[in-house]
Amino acid sequence: MTPRILYKRLALAEVITWTLLILGMVGKYGFGLDWATTVGGSIHGFVFLCYTVATIAVWTDKRWSAGTGLMGLASAVIPYATVPFERSVERRGLLEGHWRLGPGGEQSRTLAERTLAFALRSPVVALVVTLIVVAVVFSLLLVAGKPTEWFS
């Protein structure tokens, strides 16, 4: 899977899960369905974490500027902003080609590049590790409770 395809799919998934979260909030606050935000929020949270990992991976591989990478991360926080951001970087040619650090690709120089190169050259191991890390972070966030209660 190319960076372009991965990023396009996850940007769309973010938009879909934002919709689920918003519908969950309507269900909770409009109809008293407390479970609706748990379902929509959980799905959105998981996809949010996956999009964040993908943004960092593409940022590293394609050598995006810090500003572009940070905008990519910020786009996940603003409802429906991931698709316009993805289209913007695609128009600018920042998603072109295959993975630079993939099998047979360039040598990695930094720790981030070495980590990504390992992930691209050992995709099954990387997928399992990534899913475990995302699941652990997701679980810790569930234990932490609702974001609105973190600082109260």
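Predicted model: local features only at pLDDT ≥ 70, side-chain atom pairs only at ≥ 80, totals over all residues.

So, which residue forms a salt bridge with Lys8? The partner is Glu86, and the closest N and O atoms of the pair are 3.2 Å apart. By salt bridge I mean a side-chain nitrogen of Lys or Arg within 4 Å of a carboxyl oxygen of Asp or Glu.

Residues are numbered from 1 along each chain as its sequence is written, and side-chain values use heavy atoms, with hydrogens and water left out.

Okay, back to that pair. Lys8 sits in helix H1 and Glu86 in helix H4, residues 82-91, so the bridge ties together parts that are 78 residues apart in sequence. Helices here are DSSP runs of H or I, at least four residues long, numbered from the N terminus. How do the two ends compare in accessibility? Lys8 is partly exposed, at 31% relative accessible area, whereas Glu86 is buried, at 2%. The cut-offs: buried is under 20% relative accessible area, exposed is over 50%, and partly exposed is in between, with a 1.4 Å probe and protein chains only.

How many salt bridges does the rule give in total? The count comes to eight. Arg100 and Glu106 make one of them, at 3.1 Å from N to O.

One more pair to point at is Lys62 with Asp61, whose closest N and O atoms are 3.9 Å apart. Lys62 counts as buried at 19% relative accessibility, and Asp61 is buried as well, at 1%.

Arg63 is in the loop between H2 and helix H3, which is 66-75. It's not a glycine, yet Arg63 has a positive phi of about 55 degrees. Arg63 is partly exposed, with 42% relative accessible area. Tyr80 lies in the loop between H3 and H4 and is partly exposed at 34% relative accessibility.

Now to Thr55, which is in helix H2, residues 35-62. Is Thr55 buried or exposed? Buried, with a relative accessible area of 0%. Its side chain makes a polar contact with the side chain of Tyr7, at 2.9 Å. A polar contact is a pair of N or O atoms within 3.5 Å; within protein, one has to be able to donate a hydrogen and the other to accept it, and residues adjacent in sequence count only if both atoms are side-chain atoms. Leaving out residues up to four places away in sequence, Thr55 touches Tyr7, Trp64, Gly69, Gly72 and Leu73, where touching means heavy atoms within 4.5 Å.

Last topic: pockets. Rolling a probe the size of a water molecule over the atoms shows where empty space is left. For us, a pocket is an open set of points on a 1 Å grid over the protein atoms alone, where a 1.4 Å probe fits and protein lies on both sides within 12 Å along at least five of seven lines; lining residues have an atom within 4 Å of a point. The largest pocket holds about 1,000 Å³ of space. Its lining has 30 residues, and those nearest the centre are Val53, Ala57, Ala119, Ala126 and Thr130. Two or more lining residues come from each of helix H1 (3-31), H2, helix H5 (111-121) and helix H6 (123-144). Which of them gives the most? That's H6, with ten residues.

The second largest pocket holds about 830 Å³. It's lined by 23 residues, with Leu21, Gly41, Gly145, Lys146 and Pro147 closest to its centre. H1, H2 and H6 each supply at least two of the lining residues, and here H2 gives the most, with eight.Those volumes are the space filled by probe spheres set on the grid points, which are joined across faces, edges and corners.
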